[in-house]
Amino acid sequence: MILSNQYATFDWAGSRVEPTPLQEPRLLLVNHALAEELGMALSDQQWLEITSGIRLLPDMSPFAQVYAGHQFGGYSPRLGDGRALLLGEVVAPDGQRWDLHLKGAGKTPYSRFGDGRAVLRSSLREYLASEALYHLGIPTTRALCLVGSEEPVYREQVEPGAAVLRVAQSHLRFGHFEYFYYSGEAERIPALLDYLIQTQWPDLSQDQAGYAALFERVVRRTATLIARWQAVGFCHGVMNTDNMSMLGLTLDYGPYGFLDGYNPGHICNHSDHAGRYAYDQQPSVGYWNLQRLAQALSGLVPVESLRQALDGYEHALLSSFSETMRQKLGLAAWEDEDPALFRDMFNLMAAQQVDYSCWFRRLALLAPEGPVPEPLLTLLSDAGAWDDWFGRYQARLAREGRDHGDKVAQMNAVNPKYVLRNHLAQQAIERAERGDMSEAALLLQVLSRPFDEQPEFDYYAAPAPEWAGQICVSCSS
Ligand code: AMP
Ligand code: MG
């Protein structure tokens with residue numbers, strides 16, 4: 001295992017801070033498969049000590065990064081790792097380099113009024129969701145280890161403290177670049193861009209042309225990330241520019257949520273009163289955020305190049321989204337009437353709040369001929385309103401003339417049976433808070449094969465129960 005912390009050599013980009021150990025820590029989860037991928041053969045005791053902040057491995061040099069960001073539309077000039085530390089960088093056996101980032105590690109110069117801690121509820125939510133998205137094939141940070149503690153943490157109520165060790169190829173955010181741009185230190189930006197190029201995209205040159213290509217890459221990755229969120233029904237909840245990854249990863253899991261019943265205006269964050277980050281706003285917010293990044297890079301990349309890259313956003317997002325939708329409906333090729341078929345489907349789904357994940361998964365059961373199967377009908381509050389749509393869709397399938405079994409297999413490979421519904425996370429959290437990690441472990445196991453039938457776990461694939469609507473998820477974490 002090769003460890004270093006190249007970022008920490010940028011002493012102007014943050015502060016060296018030692019973790020503040022958690023009191024009475026308990027090892028709750030270790031992602032052994034990921035640890036193996038990273039080439040980190042550590043004992044449980046070592047995972048416990050590192051994640052609770054008791055011990056560092058040789059060559060780790062914990063560092064809190066400074067960044068800024070547009071939060072709910074307004075600029076916050078100084079954010080940063082207020083409760084997280086970049087412990088170091090590990091090079092995996094396959095040569096890939098990863099940041100080790102410890103969240104909940106205590107106060108830093110960027111904690112503002114915060115306590116530097118994270119609660120078990122939000123740490124487990126991050127662990128579950130990042131692994132769920134990873135197994136859905138959606139770019140994301142990943143979770144390596146979760147530690148709980150007896151230390152009380154004060155939020156709306158007293159909650160158990162925790163820390164999560166997460167990894168990503170880079171934790172650089174749009175907000176890093178905004179910080180240096182707006183604080184009058186724009187001359188620092190090239191060093192950060194060069195670092196990103198050197199560690200992630202060595203095919204790019206470390207000059208103006210390379211920076212322009214880098215921005216274009218960030219635009220494309222952001223567009224396809226959001227297209228994938230939309231297709232799977234994922235809402236991030238706090239798409240502030242400090243939570244936007246330069247690598248196009250899903251980053252900083254707060255009040256996220258997967259759609260249950262389809263509601264395009266769904267707001268998963270109870271603190272987001274205006275719905276700025278509602279499900280159907282995510283594509284346009286992604287664009288707005290990229291414009292903020294473009295502004296921060298405007299001294300280094302010609303405005304025309306930035307504009308050109310931004311112009312590619314909508315096409316990249318829509319083509320990725322519609323391609324995925326075509327596959328989700330089991331269609332092999334496009335026909336002229338398909339946009340109308342999709343539009344009418346979404347309108348009907350919204351009118352009846354049809355369960356998003358169950359709908360796509362069960363749609364595969366519909367053959368080109370014959371009655372609509374019962375598992376599909378039970379999702380609809382007014383099946384009669386769907387008659388015309390089912391007729392058109394079946395005629396469409398019949399025209400393609402594909403083998404039904406092949407089509408089912410292809411649809412099942414893109415329509416997950418299992419997603420991390422809010423109430424499933426909630427049940428795992430309540431058990432974890434009582435000291436029982438078995439539900440979380442089982443849920444992780446089910447979510448690691450989201451496209452497989454796993455009939456013994458049908459319970460996890462069912463639409464949400466009534467009480468799920470009462471779960472309150474806010475930024476408080
Ligand atoms: P978030 O909303 O989690 O993306 O956090 C926004 C900013 O607030 C980041 O700079 C975090 O590091 C910081 N922050 C959030 N919670 C805490 C906390 N409990 N203690 C210190 N800083 C925090
Ligand atoms: Mg954040």
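Colleague: How many aromatic pairs does the count come to?

Modeller: The count for this predicted model comes to 30 aromatic pairs. One of them joins Tyr7 and Phe63.

Colleague: Why is the pair of Tyr7 and Phe63 called edge-to-face?

Modeller: Two values decide that. The ring centres of Tyr7 and Phe63 are 6.0 Å apart, and rings pair when their centres lie within 6.5 Å. The planes of the two rings are at 65° to each other, and an angle over 60 degrees counts as edge-to-face.

Colleague: Are Tyr7 and Phe63 buried or exposed?

Modeller: The cut-off for buried is a relative accessible area under 20%. Tyr7 has 0%, so Tyr7 is buried. Phe63 has 1%, so Phe63 counts as buried too.

Colleague: Which residues do ring pairs link into a cluster with Tyr7?

Modeller: The cluster consists of Tyr7, Phe10, Trp12, Phe63, Tyr179, Phe180 and Tyr195. As for distance along the chain, Tyr7 and Pro465 are 458 residues apart in sequence, and their C-alpha atoms are 46 Å apart in space.

Colleague: What makes you say that the charged end of Arg142 sits over the ring of Tyr134?

Modeller: The charged end of Arg142 is 3.4 Å from the centre of the Tyr134 ring, and the limit for that distance is 6 Å. Arg125 and Tyr256 give another example, with the charged end of Arg125 sitting over the ring at 4.1 Å from its centre.

Colleague: Why is the link between Arg166 and Glu126 called a polar contact?

Modeller: The side chains of Arg166 and Glu126 are 2.9 Å apart at this contact, and a polar contact needs N or O atoms within 3.5 Å. The value is therefore inside the limit. Arg166 is part of strand E11 (residues 158-168), and with a relative accessible area of 2%, Arg166 is buried.

Colleague: Which of the residues around ligand 1 come nearest?

Modeller: There are 17 residues around ligand 1, and Gly80, Gly82, Arg112, Asp115 and Gly116 come nearest. Arg112 has a polar side-chain atom 2.9 Å from an oxygen atom of the ligand.

Colleague: How do you know that the magnesium ion is coordinated by Asn243 and Asp252?

Modeller: OD1 of Asn243 and an OD atom of Asp252 are at 2.0 to 2.2 Å from the magnesium ion, ligand 2. Donors must be within 2.8 Å of the metal, so Asn243 and Asp252 qualify. Water is not among the atoms, so the site may look incomplete. Asn243, at 10% relative accessibility, counts as buried, and so does Asp252, at 12%.

Colleague: What makes the reach of helix H6 close to the expected one?

Modeller: Helix H6 (residues 208-232) has 25 residues, and 36 Å is expected at 1.5 Å a residue. From its first C-alpha to its last, H6 reaches 36 Å. Gly233 follows H6 and has a positive phi, near 80°.

Colleague: Which values of phi are positive in a residue other than glycine?

Modeller: Asp59 has a phi near 80°, and Gln454 has one near 40°. Asp59 is in the loop between helix H2 (44-51) and E4, whereas Gln454 is in the segment after helix H15 (438-447).

Colleague: Where does Ser61 lie, and is Ser61 buried or exposed?

Modeller: Ser61 is in the loop between H2 and E4. At 16% relative accessibility, Ser61 is under the 20% cut-off and therefore counts as buried. Ser61 and Glu36 are 25 residues apart along the chain, with 22 Å between their C-alpha atoms.

Notes
Residues numbered from 1 in each chain as written. Chains lettered and ligands numbered in written order. Predicted model: local features only at pLDDT ≥ 70, side-chain atom pairs only at ≥ 80, totals over all residues. Heavy atoms only, no water. Donors = N, O, S within 2.8 Å, 3.2 Å for Na, K, Ca; no water. Buried < 20%, exposed > 50% of the residue type's maximum accessible area, 1.4 Å probe, protein only. Helix = DSSP H or I, 4+ residues; strand = E, 2+ residues; numbered from the N terminus. Expected span 1.5 Å × (residues − 1). Lys NZ or Arg CZ within 6 Å of the ring centre and 35° of its normal. Near = heavy atom within 4 Å. Polar contact = N/O pair within 3.5 Å; in protein donor to acceptor, adjacent residues only side chain to side chain.
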